[in-house]
Amino acid sequence: MQANNRIVSGMRPTGPLHLGHYFGVLLNWEKMQRENECFFFVADWHALTTDYADPSRIKEFVPELVMDWLAAGLDPEKCVLFQQSMVKEHAELHLLLSMITPVGWLERNPTYKEVRQESSKDLSTYGFLGYPVLQAADIVIYRPRYVPVGHDQLPHLELSREIVRRFNHFYGEFFPEPEAKLTTSAKLPGLDGRKMSKSYGNAIHLKDSMDEIRPKVMSMLTDTKRQRLKDPGEPEDCNLYPYLELLEGTELLDEVQEGCRAATRGCGDCKKLLAQRLAEFLEPIQARRAQYERDPDLLADVLKQGTDRAREEAQATMERVRELIGFNF
Ligand code: TRP
Ligand code: SF4
């Protein structure tokens, strides 16, 4: 039998993905789909834990998210792409896991306290407290080896592992403990130097047109020491330079560095170069997206095929789980 190298991960449908998502997450997913058996899903129920008062946007963002994934190169022939709420077994497992999860574990979760306090929404709900239990169900229902997560999600994954241990302790060794797959990824700052985020309005989205991107690039913060052309700069202190590092060949990079330090190169030159590179980089991504935008049936087929495959796996797990608990009536 082949060793278990399965991966499960999800993303909440909260809006269009940007370059930070691409270089931070999607590029890794795209690599993993070639080496691992991958299940990637739209965590729409998780979005509902915070947006329950007005869920209308979630519905819009689900197909948008899947299109961004496909645009970024996720291949439905290589990985399973699906929508959480279409596989109802997640909800059943969530219920069963909630029976064994001590409330104290959830209240201690640092993400819970932080987000609840900082959010403008009323998150004093049962569902929001149970966010990590649902997440545990999402993961273990596919019995994967790995979960690729960012550092911010590590406490959630640790909770999943604890819930698994408790399940196995009560009902018999069944679920493997999911391991974090920490991936290296390039950090890309936002246009203004803060973290790239849709809520700061400092992001370049994968679906942005060049007409939207050009002014964004022109407004980018560069090394503030360069008030005028003759002030020498330092690429390491420049917010635009990391973009060039990701998108530009090394030869020109050397030229940029020298020109910047010698004050022979203006920031406008870098901006023009970056706009060009972004256009080249986004061209194939947006071409893939356009296929699905033109043909919604194609997108529906991808989701249906992925959901059927995921459900098959989830159903098999649930049969065993019901047996183990003695609820296979
Ligand atoms: N909590 C994740 C996020 O905010 C989304 C998510 C839900 C997830 N279930 C998951 C991620 C299971 C990995 C595995 O993006
Ligand atoms: Fe940044 Fe280029 Fe300006 Fe130097 S010249 S500060 S690298 S944009």
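Is E258 buried or exposed? In this predicted model, E258 has a relative accessibility of 59% and therefore counts as exposed (buried means under 20% relative accessible area, exposed over 50%, partly exposed in between, with a 1.4 Å probe and protein chains only). Residues are numbered from 1 along each chain as its sequence is written, and side-chain values use heavy atoms, without hydrogens and water. Because the model is predicted, local features need pLDDT of at least 70 and side-chain atom pairs count only at pLDDT 80 or more, whereas totals for chains, interfaces and linings use all residues.

E258 is part of helix α12, residues 250-261 (helices are DSSP runs of H or I with at least four residues, strands are runs of E with at least two, both numbered from the N terminus).

W29 is buried at 2%, and W69 is buried at 0%. Elsewhere, ring pairs connect F167, F170, Y171, F174 and F175 into a cluster.

Side chains of opposite charge can pair when their charged atoms come close. The structure contains 29 salt bridges (a side-chain nitrogen of Lys or Arg within 4 Å of a carboxyl oxygen of Asp or Glu). One of these joins E64 and K207 at 3.2 Å, N to O. E64 sits in helix α3 and K207 in the loop between β5 (179-181) and α10 (210-218), so the contact ties together parts 143 residues apart in sequence. K207 is partly exposed, at 37% relative accessibility.

A salt bridge between D223 and K225 has its closest N and O atoms 3.0 Å apart; D223 is buried at 3%, while K225 is partly exposed at 43%. R277 and E280 form a salt bridge at 3.2 Å within helix α13 (residues 267-294), three residues or about one turn apart. R277 is buried at 16%, and E280 is partly exposed at 49%. Through shared partners, salt bridges join E64, D68, K207, R289 and E293 into one network.

Notes: Chains are lettered from A and ligands numbered from 1 in the order in which they are written. Rings of Phe, Tyr and Trp (its six-membered ring) pair if their centres lie within 6.5 Å; planes under 30 degrees apart count as stacked, over 60 as edge-to-face and the rest as tilted.
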